[in-house]
Amino acid sequence: MKILYFAWVRERIGLPSEELENRSGTVRDLIEDLRAREERYAAAFADLSALRVQLINS
Amino acid sequence: MHILVQQAAFDMGAQVNDFTSAQDASGAVVTFTGIVRDLPQGGLQHMLIEHYPGMTEKALTEIAHQARTRWALDDVLVIHRYGMLIPGETIMMVATASAHRKNAFEAADFLMDYLKSRAPFWKKEITSATADWVGAKQADEQALNRW
């Protein structure tokens, strides 16, 4: 699966997009996993109330 | 239905005239124009609008379709700019055409609420000392409950 990052999420992570292994679970699960990766991800996902996510099947 | 996502400035008057003159059966055209405003404390040098190319047009088209299914509209126009804009510049506009004004007003109001919260645009406000992204606002989310 491909994740695209925009705005402050892109700036804090330092990537416009990245490929991750396909996974089951919720978007929240994915974000929790990313948050635990590195400080820059934790910073990007610090305020979930300001975050919007869209799932696109292609 | 006309959906335009562009960096270039547009002539609102010309757009409204073109849109209005193309309506044969409408009795009402309602327009809304969004303008870049300064921060409450002043000092905004410019605003940077980022968007998701390809998906933005799709999202705006979907929102306009929703409006057309909910109100009896003859036509819809949405123009939204991206890139660098300075205070006072026109950032976007919507126009709705209908036989009667109530539908045109309500649909324009609906379009604005949904464009604000559901279109993939992000705003960054740049002053001489700061560069801050504008996060989603609870009030904008609550505004969707009206519909």
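Two strands count as paired if DSSP finds at least two bridges between them. Helices (H or I, at least four residues) and strands (E, at least two) are DSSP runs, numbered from the N terminus. The model is predicted: local features need pLDDT of at least 70, side-chain atom pairs count only at pLDDT 80 or more, and totals for chains, interfaces and linings use all residues. Residues are numbered from 1 along each chain as its sequence is written, while chains are lettered from A and ligands numbered from 1 in the order in which they are written.

Chain B holds an open sheet of 4 strands. Its order is β1-β4-β6-β2, with mixed pairing. β1 (2–6) and β2 (28–35) of chain B stand at the edges; each has a single partner strand, so one side of each is left without a neighbour in the sheet. β2(B) pairs with β6 (90–98) of chain B in the antiparallel sense, over 8 bridges. Within this pair, Thr31(B) has Ala95(B) as its bridge partner. Helix α2 (55–70) of chain B lies across β1 and β4 (73–81), running at about 150° to β4(B).

A further set of pairings involves β7(B). Strand β3 (46–51) of chain B pairs with β7(B) in the antiparallel sense over 6 bridges. Here Glu50(B) is bridged to Trp122(B). β7(B) also pairs with β8 (131–133) of chain B, again antiparallel, over 3 bridges. Asp132(B) is the bridge partner of Glu125(B). A hairpin of 4 residues joins β7(B) to β8(B).

The largest nonpolar core has 35 residues. Such a core is a set of buried Ala, Val, Leu, Ile, Met, Phe, Trp, Tyr and Cys residues joined through C-beta atoms within 7 Å. A residue is buried if 20 or more other C-beta atoms lie within 10 Å of its own, exposed if 12 or fewer, and partly exposed in between; C-beta atoms are placed from the backbone. Ile63(B), Ala67(B), Val78(B), Ala107(B) and Leu111(B) touch the most other members. The largest share, 7 residues, comes from α3(B). Beyond its neighbours within four places in sequence, Ile63(B) is in contact (C-beta atoms within 7 Å) with residues including Leu111(B) and Tyr114(B).

Ala22(B) lies in the loop between α1 (12–21) and β2 of chain B. This residue is partly exposed, with 13 other C-beta atoms within 10 Å.

Terms used. Two residues are in contact if their C-beta atoms, placed from the backbone, lie within 7 Å. Axes are lines fitted to C-alpha atoms, for helices over the stretch in contact, and angles run from 0 to 180 degrees between N-to-C directions.
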